[in-house]
Amino acid sequence: MTAKVSPLAGMPLDPSQLVDVAKLLQAYFDRPDPTQAAQRVAFGTSGHRGSSFLLSFNEAHILAIAQAICLYRKQHGIDGPLFLGIDTHALSRPAFETAVEVFAANGVVTMVDEHLRFTPTPVISHAIIGHNRGRSSGLADGVVISPSHNPPADGGFKYNMPHGGPADTDATGWIERTANALIAEGLGGVLRMPYERALKSDLVKRYGYIDAYVGDLAEVVDMEKIRSSGVTIGIGPLGGAGLDYYGPIIERYGLNATVIDARLDPTFGFMSADWDGKIRMDCSSPYAMASLIGMRDRFDVVFANDTDADRHGIVTRSGGLMNPNHYLATSIAYLFPNRPNWPAKAAIGKTIVSSAMIDRVAGKLGRRLVEVPVGFKWFVDGLSDGGFGFAGEESAGASFLRRDGTSWTTDKDGIILGLLAAEITASTGADPNMLYEGLTAELGAPLYARVDAAATPAQKAVLKTLAAPQITAKELAGEPITAIQSDAPGNGAAIGGVKVSTKDGWFCARPSGTEEVYKIYAESFRDEAHLRQIQEEAQAIINMAFAAA
C-alpha cells in the first residue's frame with residue numbers, strides 16, 4: 001500500500017489546528033506510568049522521542065535520562081565537559097532546564113550557548129571533536145535536545161559520545177534500562193539542583209558555539225569560492241536551531257545570501273503541512289518545502305535545514321527540490337575530485353537502503369563503497385579517522401571531511417550540505433540537479449520509492465530476524481537475483497530485514513518500529529513499470545517468508 005496524501009498537504013493549517021503550546025508545556029510535568037510500555041524511556045536510532053501529551057516525553061523521563069547519562073559518564077571515566085544544545089521545539093526548553101539541574105547536581109561541567117539560545121546537532125558534534133582533538137583524558141561528550149523534524153508537540157533527547165557522534169546501541173541500551181529503573185523506583189536516585197542556582201554555579205559555563213562553528217566553516221567548504229562567484233543563495237531555517245547561525249555565516253563570509261522567513265514560533269504555524277496533514281519540519285518533503293520550492297527562480301540555489309539542522313533540503317532552478325538520494329550521489333561525484341588532500345583510501349559510506357546510483361558513482365571514481373545498516377552511528381569511526389571521505393543516508397543526512405582530510409563532524413550536518421550546494425554551483429557553473437542529470441546520462445537514471453505493507457507484530461518479528469537463506473526466490477522482476485543480504489556488506493551488521501538485488505534493481509524490506517507495517521524500499525534502473533513489478537514481487541517474496549515461518 002502507499003500512504004494516502006492528505007488534502008491539507010502543502011497548505012498552511014488553520015490556527016485552530018496548531019498545537020496548544022501552553023497545554024503542551026503544562027503536560028510536561030505530568031507523571032508517566034512506568035508499567036505502560038509506551039510511557040517508558042525508549043532510545044531509537046535518534047535518541048528518546050515522544051510527546052508530553054502522550055506521557056512519553058515528560059519531566060520524569062528527562063530527569064531519569066540525564067541521571068543515567070551522569071552514571072554512564074562516571075562508569076566510563078568521561079570527566080570532561082558536556083556540550084549541551086537544544087532546538088526550537090516547545091518541549092526543548094523545559095527539558096533543557098531539567099537536564100541542567102541534573103547535570104549540575106552531579107558535578108558535570110555543562111557548556112551551554114552563551115545567550116541560552118539554540119544549538120544545532122552538528123555544532124555539538126563539532127564542539128566535542130574540537131575539545132577532544134589530541135586529548136586522551138578529560139574527554140567531552142554531549143547532549144542534543146531535539147526530536148529532529150518531528151511535529152511541534154514532540155520532544156527528543158540524544159546522547160553523543162566522546163567521538164562526537166550518536167551513541168552506540170550498547171550505550172543507549174544501558175542508559176535506557178537505567179533511566180527506566182530510576183522512574184520505576186520513583187526517581188529517588190536522581191540528584192537535582194535548582195535551575196537558577198545551577199546557572200550561577202561554576203558548573204554551567206557559557207560557550208561561544210556560533211563563533212567556534214562559523215569560524216571553522218572555510219575548513220570544510222570553499223567559502224571564498226562561493227563569495228567570489230556571487231552565487232545567489234536562499235536559506236530556509238524552517239524555524240529551527242540554525243536561525244542564529246545563518247546571519248553570522250552570511251556576514252563573516254560575505255555571501256550573497258538571504259534568510260527566507262526567520263520567524264521563531266513553537267507552533268510552526270508558518271509551515272505548510274506535510275503529506276499526512278501534520279506539520280513536520282522535513283526539509284526533504286515537497287509538501288513541507290512548498291513555499292521554498294516556489295522561490296526556486298529567485299536564487300541560484302536554495303537550501304533548508306530541519307529544526308536541529310542535521311538534515312538538508314536542496315532546491316535548484318533546474319529541477320526544484322532534489323531527491324535526497326540524487327543530492328547524495330551528486331555531492332560524492334563533486335567532492336572526491338575537488339578535495340585533493342583527502343586520504344587516497346577514503347571510502348564512501350552509504351546505508352543499505354540508499355540509492356544504487358551511489359554504487360555506480362563510487363565505481364566511476366574508483367573509490368571503495370561501504371554499505372551499512374540504517375543509522376548514522378555506523379559512520380562514526382570512518383568520519384573520525386578519515387576512513388570515510390563522505391557518509392550519507394537516504395533520509396537527507398550526511399557529513400564529510402574537512403578540506404585537509406581530517407574530521408569535521410561525526411554526526412549529520414545539514415548546514416555544510418547546504419553550503420556545498422552553493423560551492424558546487426559556484427565551482428561548476430551548474431546547479432546540483434544539472435550535475436545529477438549529467439550523472440544519469442552516463443550511469444543510468446534510477447527510479448526510487450518506498451511503500452508500506454501491512455504486517456502483524458509477529459510478522460514484523462520474523463522480518464527483523466530473517467536470514468538470507470530463507471529467501472528461496474531465484475528471480476526478481478524478470479532478472480536473476482544476484483544477491484540476498486540480511487547483513488550489511490560493509491560491516492557485517494544485521495540490517496533488521498532483507499535486501500534482494502539484481503543487475504537493474506533491488507528492494508529492501510524492514511519492519512517499522514512504530515506502526516503495524518513493514519517498509520519496502522525499491523529502485524529500478526529501467527522504468528516505472530519495472531519499479532512497480534519489483535515492489536509487487538517484493539511483497540510476494542516477503543509473504544512467502546511469513547508463511548514459511
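The model is predicted, so I kept to its limits: local features need pLDDT of at least 70, side-chain atom pairs count only at pLDDT 80 or more, and totals for chains, interfaces and linings use all residues. Residues are numbered from 1 along each chain as its sequence is written, and side-chain values use heavy atoms, with hydrogens and water left out.

**Aromatic pairs**

My rule for a pair was that ring centres of Phe, Tyr and Trp (its six-membered ring) lie within 6.5 Å; planes under 30 degrees apart are stacked, over 60 edge-to-face, and the rest tilted. The count by this rule is 17 aromatic pairs. I looked up Tyr207 and Tyr209, which make an edge-to-face pair with centres 4.7 Å apart and 75° between the planes. For burial I took under 20% relative accessible area as buried, over 50% as exposed and in between as partly exposed (1.4 Å probe, protein chains only). Tyr207 is partly exposed at 24%, while Tyr209 is buried at 1%.

Next I noted Tyr246 and Phe303, an edge-to-face pair at 6.3 Å centre to centre, with 75° between the planes. Tyr246 belongs to helix α9 (residues 243-253) and Phe303 to strand β10 (residues 301-305), so this pair ties together parts that are 57 residues apart in sequence. Helices (H or I, at least four residues) and strands (E, at least two) are DSSP runs, numbered from the N terminus. Both Tyr246 and Phe303 are buried.

**Charges over rings, and cysteines**

I counted a charge as over a ring if NZ of Lys or CZ of Arg is within 6 Å of the ring centre and within 35 degrees of the ring normal. Arg360 lies over the face of Phe525, 3.5 Å from the ring centre. Lys499 has its charged end over the ring of Trp506, at 4.4 Å from the centre.

I then searched for disulfides, meaning pairs of cysteine sulfur atoms within 2.5 Å, and the count is zero. I also checked burial for two cysteines: Cys70 is buried at 7% relative accessibility, and Cys508 is buried at 0%.

**Cavities**

Rolling a probe the size of a water molecule over the atoms shows where empty space is left. On a 1 Å grid over the protein atoms alone, a cavity is a set of points where a 1.4 Å probe fits but cannot get out; a pocket is an open set with protein on both sides within 12 Å along at least five of seven lines; and lining residues have an atom within 4 Å of a point. Grid points are joined across faces, edges and corners, and a volume is the space filled by probe spheres set on the points.

My search of the whole structure gave two cavities of 30 Å³ or more. The largest cavity has a volume of about 40 Å³. Its lining includes Leu84, Arg93, Phe96, Asp113 and Arg117. Two or more lining residues come from each of β3 (82-86), α3 (92-105) and β4 (110-113), with the largest share, three residues, from β3. I sorted residues by class: Ala, Val, Leu, Ile, Met, Phe, Trp, Tyr, Cys and Pro as nonpolar, Asp, Glu, Lys and Arg as charged, and the others, Gly among them, as polar. The lining of the largest cavity has five nonpolar, two polar and three charged residues.

The second largest cavity comes to about 30 Å³. Among the residues lining it are Cys283, His312, Met322 and Tyr327. β11 (312-316) and α11 (324-335) each give two or more residues to this lining. The classes here are six nonpolar, three polar and no charged residues.

I put the second largest pocket at about 210 Å³. It has 15 lining residues, and the closest to its centre are Asp261, Phe270, Met271, Ser291 and Leu292. Helix α10 (residues 290-293) supplies the largest share, three residues. By class the lining holds nine nonpolar, four polar and two charged residues.

Most residues other than glycine have a negative phi. Asp261 has a positive phi of about 65° and is not a glycine. Asp261 sits in the loop between β9 (257-259) and α10 and is partly exposed at 31%. Ala309 also has a positive phi, near 60°. I found Ala309 in the loop between β10 and β11, buried at 0%.
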